[in-house]
Amino acid sequence: MANNLLSGIVEHDLNPFFLFDARGRALILNQSAELLLGYASPLSFFLLAQRYEGKNYELQFEQLSFRSFHFFALMVARDNDQLALRLYQTLIANVEIPSFLDEAIHTNIYKIIDANIA
């Protein structure tokens, strides 16, 4: 049941998720990650994951763009011979934010969600 739940969460996540084997072969991609493969090779995402793999489960703030896809952060995790990469999409710039939200306390919702999943 846990594997089905986890795979369902990953598959329906709007943020791209990649799982690679030790040689860089993509084992699991969600739909958002599949869209990105039209703009960059799986190897480029594997190399990106390798660059940050020493910082397991730490959110790394990095501006990344692949044509119309823009990301503000990434997270990498290694488990034995598998390497996972998750990219976090930026908000759409044209969305008008209600004024009452300016006074609210700001937090990173992705950290809260990842903490609950972990």
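L87 touches N15, P16, F18, L36, F45, L48, L64, F71, A73 and L74, leaving aside residues up to four places away in sequence; contact here means heavy atoms within 4.5 Å. This is a predicted model, in which local features need pLDDT of at least 70, side-chain atom pairs count only at pLDDT 80 or more, and totals for chains, interfaces and linings use all residues. Residues are numbered from 1 along each chain as its sequence is written, and side-chain values use heavy atoms, with hydrogens and water left out.

Buried means under 20% relative accessible area, exposed means over 50%, and partly exposed lies in between (1.4 Å probe, protein chains only). Helices (H or I, at least four residues) and strands (E, at least two) are DSSP runs, numbered from the N terminus.

Now to the charged side chains. Side chains of opposite charge can pair when their charged atoms come close. A salt bridge is a side-chain nitrogen of Lys or Arg within 4 Å of a carboxyl oxygen of Asp or Glu, and the count comes to five salt bridges. Here are some of them:

| Salt bridge | Closest N and O atoms |
|---|---|
| R86 with D13 | 2.5 Å |
| R23 with D21 | 3.7 Å |
| R78 with E53 | 2.5 Å |

R86 lies in strand β5 (residues 82-89) and D13 in the loop between α1 (2-12) and β1 (17-20), so this pair ties together parts that are 73 residues apart in sequence. Both R86 and D13 are buried.

R78 counts as partly exposed at 28% relative accessibility, and E53 counts as partly exposed at 24%.

In the remaining pair of the table, R23 is exposed, with a relative accessible area of 68%, whereas D21 is buried, with a relative accessible area of 10%. D21 and R23 are linked with R25 in a network of salt bridges.
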